[in-house]
Amino acid sequence: MTQFMHFIDGAFTAGTSGKTFECRSPHNGALIGLAAEGGRAEVDAAVQAARAAMRGPWGRMSVEERSDLMRAVADGITRRFDDFVAAEMADTGQPRKMMEHAFIPRGAANFKIFADVVKNVATESFQMPTPDGRGALNYAIRKPKGVIGVICPWNAPLLLMTWKVAPALACGNAVIVKPSEETPGTATLLGEVMNEVGVPRGVYNVVHGFGPNSAGGFLTEHAGVDAITFTGETRTGTAIMKAAAEGLRDVSFELGGKNSAIVFADADMDVTLEAIGRSAFLNCGQVCLGTERVFVERPLFERFVAALKERAEALKPGGPEDAGTSFGPLISQEHREKVLSYYARAVADGATVVTGGGVPEMPEELAGGNWVQPTIWTGLADDSAAVNEEIFGPCCHVRPFDTEDEVIGLANDTEYGLSASIFTTDLSCAHRMAEAIDVGITWINSWFLRDLRTPFGGSKHSGIGREGGVHSLEFYTELRNVCVKL
Ligand code: NAD
Ligand code: 6OD
């Protein structure tokens with residue numbers, strides 16, 4: 001059984017709280033590890049270590065040296081690739097091939113991209129006239145913000161954690177990561193890599209635990225934390241924002257979504273089905289960018305629903321190591337109860353269940369896992385719970401539409417604004433839709449196609465700020481202006 005320790009000041013420690021919590025395998029319910037639970041003392045030790053690191057050699061390191069170290073971290077992840085795959089697979093229960101082809105390589109890629117970004121970003125400069133005719137020159141410099149609290153979710157643990165840690169460190173900050181209590185593995189392993197490649201102690205710290213009255217709450221309340229970056233539920237973001245108000249600390253939030261896919265009758269069916277098949281069911285529907293609302297132009301509706309049903313029914317649930325597995329479990333029993341409650345609610349609200357709606361029959365060795373069936377509904381009213389609330393499960397509602405104006409209204413009728421996907425071969429229509437849908441990220445004829453230099457983030461209740469490329473620097477650095485009188 002694995003022991004997940006905190007990583008504070010460059011060393012693994014159980015801390016002093018004496019508390020631990022159990023980690024269970026999502027695919028069979030087996031106990032796979034015990035994690036140390038951090039309290040105020042552990043958070044305080046991590047904050048002191050991070051502040052000391054900022055005052056030490058880390059705080060004086062040149063951009064070039066930091067950039068080289070970030071590349072070394074990326075290489076370190078790649079060298080330990082199998083360990084990261086195993087740790088993430090154990091924590092999330094998702095298929096090995098998804099870890100190997102997508103989620104773990106992105107952990108390394110996140111360090112590489114920000115190693116480049118920090119070296120190549122320019123700052124602005126203005127010459128100005130002065131009454132004496134000699135003028136003045138203004139230029140801006142970027143300084144790290146200081147100690148950053150990084151609070152992470154469980155659905156793509158390494159990808160989402162390094163998406164914040166990599167730019168934070170590349171910019172010269174020190175971090176304290178609070179991984180999700182569901183997925184302590186890869187954040188802990190990254191501590192080993194940090195030591196292996198020579199990242200100074202105290203720069204990267206990890207404290208395990210829960211949210212309120214535990215490591216997460218204590219971290220966001222700590223006066224020694226200069227800014228907080230968070231990915232998770234909108235409701236949690238609201239609580240963290242309240243904590244951050246004390247001391248006027250800055251926040252960066254990537255929150256929930258209720259994303260739509262809009263399919264016009266002229267869309268390429270193969271492209272559309274491949275993309276929506278992934279966006280609705282990948283990672284057992286536990287992707288913030290995932291599609292839970294599909295709008296299909298009426299002439300294509302019946303054909304589309306039948307074809308998506310076929311895709312859903314072809315998914316093969318199974319253990320993560322089984323090469324034939326294309327569909328994993330939900331993260332926890334608690335989350336499964338939530339998803340199943342929406343399955344029941346949809347039926348009570350009058351949905352037609354096109355496929356799924358329950359729990360699959362699994363072989364005995366997997367019967368203790370958090371399995372649910374991929375599920376498609378039609379026929380729900382626009383104000384029903386399954387159409388409006390983020391479920392974060394492998395399910396979607398498909399609804400016909402007749403006009404562009406109608407579907408724009410439907411897609412925008414949500415408190416969320418994370419992402420949308422538009423499927424059409426009419427370029428003008430695609431651009432009109434991209435302008436009209438109120439989201440931070442729009443894909444046209446694709447889904448989750450990522451260029452890490454682009455702005456990533458949500459509108460409305462789906463987030464605050466943008467991450468990616470130079471946009472991450474807006475949060476992880478402070479711009480200072482220097483005015484030189486000539
Ligand atoms: P969550 O909000 O329940 O938990 C996220 C993290 O916050 C965990 O580490 C948790 O321990 C911690 N936490 C909880 N309460 C806290 C508090 N009061 N103070 C400090 N920390 C606290 O989210 P989750 O269930 O782990 O993740 C799923 C959610 O994340 C979904 O809503 C999903 O849409 C969202 N998400 C968004 C993005 C994005 O980029 N927009 C990406 C992934 C996930
Ligand atoms: O690709 C990314 O950078 C990113 N943040 C993806 C988020 C996925 C949500 O589950």
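**Two ligands and their surroundings**

Analyst: In this predicted model, an oxygen atom of ligand 2 lies 2.8 Å from an N or O atom in the side chain of R106.

User: Which other residues have an N or O atom at a stated distance from an oxygen atom of ligand 2?

Analyst: N155 has a side-chain N or O atom 2.7 Å from an oxygen of ligand 2. For C288 the atom belongs to the backbone, and the distance is 2.9 Å. Of the 310 Å² that ligand 2 exposes when taken alone, the protein buries 98%.

User: Why is ligand 2 said to sit in the largest cavity?

Analyst: A molecule sits in a cavity if more than half of its atoms lie within 2 Å of the grid points of that cavity. Ligand 2 is assigned to the largest cavity, so more than half of its atoms meet that cut-off.

User: Which residues are around ligand 2, and how do they divide by class?

Analyst: The shell consists of R106, N155, L159, L160, W163, V287, C288, F448, R450 and F456. By class there are 7 nonpolar, 1 polar and 2 charged residues. Arg counts as charged, so R106 and R450 are the 2 charged ones. Helix α6 (residues 157-170) gives the most to this shell, with 3 residues.

User: What makes the G232 pair of ligand 1 count as a polar contact?

Analyst: An oxygen atom of ligand 1 is 3.5 Å from a polar backbone atom of G232. The cut-off is within 3.5 Å, so the listed distance is at the limit. Ligand 1 also has an oxygen atom 2.7 Å from a polar backbone atom of C152, and one 2.9 Å from a side-chain N or O atom of W154. The protein covers 91% of the 850 Å² of accessible area that ligand 1 has on its own.

User: How many residues surround ligand 1, and which element gives the most?

Analyst: There are 30, the closest being C152, E181, T236, L255 and E390. They divide into 16 nonpolar, 9 polar and 5 charged. α9 gives the most, with 3 residues.

User: Which domains supply the shell around ligand 1?

Analyst: At least three residues come from each of domain 1 (2-255 + 462-485) and domain 2 (259-451).

Key:
Residues numbered from 1 in each chain as written. Chains lettered and ligands numbered in written order. Predicted model: local features only at pLDDT ≥ 70, side-chain atom pairs only at ≥ 80, totals over all residues. Heavy atoms only, no water. Near = heavy atom within 4 Å. Polar contact = N/O pair within 3.5 Å; in protein donor to acceptor, adjacent residues only side chain to side chain. Areas by Shrake-Rupley, 256 points an atom, 1.4 Å probe, with all protein chains shown as cover. 1 Å grid on protein atoms, 1.4 Å probe; cavity = no way out; pocket = protein on both sides within 12 Å on 5 of 7 lines; lining within 4 Å. Helix = DSSP H or I, 4+ residues; strand = E, 2+ residues; numbered from the N terminus. Domains from an automatic or database assignment.
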